[in-house]
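Please inspect the sequence and the coordinates before reading each solution.

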Amino acid sequence: MTAPRVRFAPSPTGSLHVGGARTALYNWLFARRGGGTFILRIEDTDVERSRRELTDQILHAMRWLGLDWDEGPFFQSERGALYHEAADRLLAEGKAYRAFETPDELDAMKKSAAASGSAFRYDGRARAISKEESDRRAASGEKFVVRLNVPDEPLVVDDAVQGRTEFPAGALDDFVLVRSDGHPLYHFTVCVDDVAMGITHVIRGADHLPNAPKHVALFRALGAPLPVFAHLGMILGTDGKKLSKRHGAAGVEEFEAEGYLPAALDNFLALLGWSPGEDRERMTLAEMVSLFSLERIGPSPSRFDHEKLAWLNGQYLQEVPAARLIEMLKPFRVPDFDPELLARAIALHRSRARTLVDLAHALAIYGDDPMDFDAAGMKKFGKPDAAPLVRTLAERLSAAEPFTHAALEEAARALAAEKGLKLGDLAQPARLGLTGVLASPPLFELIEVLGKETTRRRLLAFADLLARVPAAH
RNA sequence: GCCGCGUUCGUCUAGCGGUUAGGACGCCGCCCUCUCAAGGCGGAGAUCACGGGUUCAAAUCCCGUACGCGGUACCA
């Protein structure tokens, strides 16, 4: 088998969302697996809706995901000559023809079709116009569209994922290839480009499956062999509806901003519709490459489960080398302190975070002293008679020598024993005073990183706060 | 409406004629423990959408129905 040539062909009418990202990923995996070529093509023929910034955003998202392309990006907006050449050839060969109906006339036809309860299909009446008349009317400046002369026979799409589907003869009308203003349309540009680029496998979302017979007809008209089609089940929201804003993040750049790791998103997306079998779930891109095959892609739609993605991201967060993690954290505003201490703080907090945003947020306690204290915690520990105990603890901890978690814990345990308390009776109020919340990494390791000065200052301030709490009755 | 595709625990999935229907997320419990995570162990959770066939045997093959999704442009 010759090396595959595949392409990812987004339209820059929106940012790269997870559905598109998964399509890109599968194409990339397939290309890499087969030692083939991955081509990036920007389908910006819709001039009204395409925006340059969105192309840049898509390119950025691709790079972020680690999906490098071998050729392109090609812009369809710059390939007009190719399409017009192809249209002229089809026209000359009688495989396409000019149709001179105006939009208003077409509307009228649609309306009458709707009135009689049938679906509108262009009836191909302009096929009857002779070549001479067609040329003459075109030359005289009359507006026309170019339509494909779709043969009256069943069209078979043999899909690697969805299986064989047959579209009966007459299911398609002679659809428009080129608009009356000269702009080539989507189906046409796709096929012309796929032929020109020697695409062997078309891997894309199942929303394109109904388009596939059009493409089959077009490939034939163009005299090109059919590529293998593989239509991927759609990615839906958790409620089974089309993915939209109210399902939370859907754009790749949103996941980046929320502190997800590209490796986690790649892994998660890969599993939406594909499974390597043998209960394999966590995989690097390289592992996916070696395991990937079209045969193991399922046909059904899947739902995007943020919970599982978050879990997976947490898993990846545990494995990132410390230095790399510090790099990754940079865009997320972490307190500026000693790099060595930062590394230790990260070691303490990473297992408690599921995203970089979580982690950066957790790291904030190493910056400013806490201003707010957890309400439930204050209800439980916020009593004036707790103040002396916290004060004593502050003194004992300050005196601990060396200032290590082992010595600190020993000091705290000794104090607890003296007072006939459990360690938790001491640790929890201390944790609250030090961090403002009741959940944190092991207290004494935290204190060790926080340092003697900060610990003492916060504990003493907290004791003062406790002393001012009105006594309960 | 018409055309097409899909349907295994709540979710992602394994399964490709004979399994106690497996794994993962989430959920619950236990262990660890100064709290919260992480980790370890265990549990609940699927009459394989439904109804007919084919077969000694069906989640697996065939046909209907229901539901879901997609398409139905001089959008992509």
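**Exercise 1: a salt bridge and its exposure**

Glu-142 and Arg-137 form a salt bridge through their side chains, with an N to O distance of 2.7 Å.

*Solution.* The model is predicted: local features require pLDDT of at least 70, side-chain atom pairs count only at pLDDT 80 or more, and totals for chains, interfaces and linings use all residues. Residues are numbered from 1 along each chain as its sequence is written, chains are lettered from A and ligands numbered from 1 in the order in which they are written, and side-chain values use heavy atoms, with hydrogens and water left out.

Step 1. A salt bridge is a side-chain nitrogen of Lys or Arg within 4 Å of a carboxyl oxygen of Asp or Glu.

Step 2. Buried denotes under 20% relative accessible area, exposed over 50%, and partly exposed the range in between (1.4 Å probe, protein chains only).

Step 3. Over the whole structure, the search returns 34 salt bridges.

**Exercise 2: the partners of Asp-369**

Determine how Arg-458 contacts Asp-369 and where the two residues lie.

*Solution.* Helices (H or I, at least four residues) and strands (E, at least two) are DSSP runs, numbered from the N terminus.

Step 1. The side chains of Arg-458 and Asp-369 form a salt bridge at 2.6 Å, N to O.

Step 2. This pair links distant parts of the chain, 89 residues apart: Arg-458 belongs to helix α20, and Asp-369 to the loop between α14 and α15.

Step 3. Arg-458 is buried, since its relative accessible area is 3%.

Step 4. Asp-369, at 27%, is partly exposed.

Step 5. Arg-457 also forms a salt bridge with Asp-369, at 2.8 Å, N to O. Here the separation is 88 residues, with Arg-457 in helix α20 (residues 452-468).

**Exercise 3: strands β6 and β7**

How many bridges join β6 to β7, and which residue is the bridge partner of Val-157?

*Solution.* Two strands pair if DSSP finds at least two bridges between them.

Step 1. Five bridges join β6 to β7 (residues 163-167), and the strands run antiparallel.

Step 2. Val-157 has Thr-165 in β7 as its bridge partner.

Step 3. In β6 (residues 155-159), Leu-155, Val-157 and Asp-159 form the covered face, whereas Val-156 and Asp-158 form the uncovered one.
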